[in-house]
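This report concerns a single protein chain. Please keep the sequence and the model at hand while reading.

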Amino acid sequence: MNVNPNLKGDAQLKRCAGYLRLKRIQDIVLSVLGLVLLFPAMVLIALVILIESPGESPIFVQTRVGMNGRKFKFFKFRTMHPNAEKHLQELLDKNEMNGPVFKIKDDPRITRVGRILRKTSMDELPQLWNILKGDMSLVGPRPALPREVSQYDKNAWQRLMVTPGLTCYWQIQPKRNSLSFEKWLELDLKYIEERSLLVDWKIMFGTISAVLHMEGE
């Protein structure tokens with residue numbers, strides 16, 4: 001796939017400011033609503049994580065890369081054992097994804113509670129705070145790690161033209177973790193080219209279905 005000069009990043013969409021303005025209002029309203037309604041569930045999840053991993057923060061904070069390469073603090077519920085990042089090097093040769101992304105089935109670093117949270121996608125709930133802050137949007141390419149971005153070519157860098165999201169086309173694909181990075185990238189570029197409020201809502205409804213079917217890993 002070649003670099004597509006017709007892809008519309010946020011900077012190029014200034015003439016479509018109405019969409020971006022409505023998208024941001026939508027992000028604020030829905031993230032606030034989600035944080036309020038899901039607060040009891042989030043407290044319960046945090047307590048369960050604390051019981052399984054005493055002394056460790058239930059919230060995992062990681063540096064991710066957002067629009068135009070800007071780094072930000074990314075939040076999610078802890079699903080891995082302490083020092084999981086330090087053990088990554090030992091597992092790199094077992095990577096089941098091509099390209100810069102690392103994913104393996106039955107990752108030994110994931111806790112028992114973490115497996116349930118990932119299966120139900122509830123580990124992503126703290127990202128509602130990222131959305132409220134403006135680091136992320138409800139819909140957009142998933143934010144990448146700096147080590148992944150350091151391996152991007154010009155084509156992959158197009159993912160950084162827009163604000164990253166909580167969910168995306170890749171997120172709602174059946175058996176999404178079996179997709180190649182090239183296919184994942186293709187889906188992200190498709191979103192950047194076609195995005196609209198209608199497309200955003202289509203993906204959000206698809207995400208609800210994926211969560212209910214517990215398709216996360």
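The text below goes from the overall architecture to one helix contact and then to the aromatic side chains.

**Overall architecture**

The model described here is predicted. Its protein chain contains 8 helices and 4 strands, and the order of these elements from the N terminus is α-β-β-α-α-α-β-α-α-β-α-α. Of the 217 residues in the protein chain, 48% are buried. Contacts between residues at least 6 apart in sequence join, in 73% of cases, residues at least 24 apart.

**Helix α3 and its surroundings**

Helix α1 covers residues 17-52 and helix α3 residues 112-120; their axes come within 9 Å and cross at roughly 150°. Angles over 145 degrees count as roughly antiparallel, and α1 is therefore roughly antiparallel to α3. On the side of α1, the contact involves I45, V48, I49 and E52, while α3 contributes R112, V113, G114 and L117. Sorted by class, the residues in this contact are 5 nonpolar, 1 polar and 2 charged.

The buried residues of α3 are V113, G114, L117, R118 and T120. They pack against α1, against β2 (71-77) and against α8 (197-212). Just after α3, S121 adopts a positive phi of about 65°.

**Aromatic side chains**

The whole structure holds 5 aromatic pairs. One of these is formed by Y169 and Y191: the arrangement is edge-to-face, with 6.4 Å centre to centre and 75° between the planes. Where do the two partners lie in the chain? Y169 belongs to the loop between β4 (165-167) and α7 (181-194), and Y191 to helix α7, so the pair ties together parts that are 22 residues apart in sequence.

| Residue | State | Relative accessible area |
|---|---|---|
| Y169 | buried | 6% |
| Y191 | buried | 2% |

Residues with under 20% relative accessible area count as buried. Y169, at 6%, is therefore buried, and Y191, at 2%, is likewise buried.

Aromatic residues also occur as a group in this model: Y152, W170, F181 and W184 form one aromatic cluster.

Definitions and conventions:
Residues numbered from 1 in each chain as written. Predicted model: local features only at pLDDT ≥ 70, side-chain atom pairs only at ≥ 80, totals over all residues. Heavy atoms only, no water. Helix = DSSP H or I, 4+ residues; strand = E, 2+ residues; numbered from the N terminus. Buried < 20%, exposed > 50% of the residue type's maximum accessible area, 1.4 Å probe, protein only. Contact = heavy atoms within 4.5 Å. Axes fitted to C-alpha atoms, helices over the stretch in contact; angles between N-to-C directions. Parallel < 35°, antiparallel > 145°, perpendicular 65-115°, else oblique. Nonpolar A, V, L, I, M, F, W, Y, C, P; charged D, E, K, R; others polar. Phe/Tyr/Trp six-rings, centres within 6.5 Å; stacked < 30°, edge-to-face > 60°.
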